Amino acid sequence: GRMMKKFICALLSVTLLVSGLFCGCGKDNETGSKNKISLLADAKFEHGFDVEKTGVGNDTGGSRTRLDYMGTALEGSYWTIAQHCCNKSLLLGTESKEGDWYVYTDHEEADEVSKTVRVNPQTGSITLNALTSKEYLHPRQGSEGWIHLLIQTGFTGVRELDVMEKLNLKIGFTFNRMDLMMTREEYDVNLHTAQFQLYFVIGTRNTRDESQQMWFGVPFFDYRNTELTSYSGALDAGTNMYISSMGNEDIMDEVASVEKRFDIDVDLKPYLENALKNAQEKGFLANSVIDDLYLVNMNLGWEIPGTFDVGVDIHYFDLIAEIKSEYADEII
């Protein structure tokens, strides 16, 4: 709702740094349909991850710039892990293997670990855990940054909406932890929450608008919301971009809780059309139509502007475009 809008602003400037040097043009063979393709160059994370610095100097001397699965990852990462404003860094922790899972932490001592990233490149599963009680030294004040744990990728292959009949988001996830670690006196609903969400940066090919971009959000969870949410939109002053978020009432049957699995399969294209309409009502992308839009980059994961110990198991994640028949031959 309204308060969420204050929270998503700091992320925005940094997310724009996500590189666009990617190609996403692999066929989606599992569907058996010739006009469906994955827009992700590496949907199973087989190429590992580049790791961004925290941005606050807490990873000086950290030697690990890549999660490369003990040297077994395929060359050239398509994905980046962002850990903005963290007091501990994944560049400095441990690396281990448990079965098919590669496990990375942000500290050498087990009882000091805040962030744990577990990846199974066989299945394309990833766990993102952040025990922020091991990072925040005090409840976050309004002027302070907050902890992020996100996976990010860009799009350069098929990314234009006009060639897509549908843009299907497929994700399965289960929260393994969701604990408020502040006292009720410390907890300020206007300042503190934990959010698990997906954001896209959307660009336009309309020459009168092309200096503008828009954020499109898919909110899966916000600790403050005890009911499912509907559409929300706001200007982000930091990037001068409009943020349009669909509601999770359209994709979930109840508010997420620990150990309940959600499997979501939704065509995002109509929601993007609605997001554009809402942005235009506020004067953004005034000359563009839905078929001018294209995907620039995306991030998925946690923003935690309060002291929460949280974790999510993402069982799979993919973006499948159904290509219009008139474009299928030249694209696939």
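**Exercises on a predicted model: a pocket and ring contacts**

The residues lining the second largest pocket are Val56, Cys85, Asn87, Tyr136, Leu137, His138, Glu144, Gly145, Trp146 and Ile147. A pocket is an open set of points on a 1 Å grid over the protein atoms alone, with protein on both sides within 12 Å along at least five of seven lines, and lining residues have an atom within 4 Å of a point. The model is predicted, so local features need pLDDT of at least 70 and side-chain atom pairs pLDDT 80 or more, while totals for chains, interfaces and linings use all residues. Residues are numbered from 1 along each chain as its sequence is written, and side-chain values use heavy atoms, without hydrogens and water.

**Exercise 1.** Determine how the lining of the second largest pocket divides into nonpolar, polar and charged residues.

*Solution.* Step 1: Ala, Val, Leu, Ile, Met, Phe, Trp, Tyr, Cys and Pro count as nonpolar, Asp, Glu, Lys and Arg as charged, and the others, Gly among them, as polar. Step 2: the lining therefore divides into six nonpolar, three polar and one charged.

**Exercise 2.** Classify the ring pair of Tyr69 and Tyr102.

*Solution.* Step 1: rings of Phe, Tyr and Trp (its six-membered ring) pair if their centres lie within 6.5 Å; planes under 30 degrees apart count as stacked, over 60 as edge-to-face and the rest as tilted. By this rule there are 21 aromatic pairs. Step 2: the centres of Tyr69 and Tyr102 are 4.9 Å apart and their planes are at 25°, so this pair is stacked.

**Exercise 3.** State whether Tyr69 and Tyr102 are buried or exposed.

*Solution.* Step 1: buried means under 20% relative accessible area, exposed over 50%, partly exposed in between (1.4 Å probe, protein chains only). Step 2: Tyr69, at 1%, is buried, and Tyr102, at 8%, is buried.

Definitions and conventions:
On a 1 Å grid over the protein atoms alone, a cavity is a set of points where a 1.4 Å probe fits but cannot get out, and a pocket is an open set with protein on both sides within 12 Å along at least five of seven lines; lining residues have an atom within 4 Å of a point.
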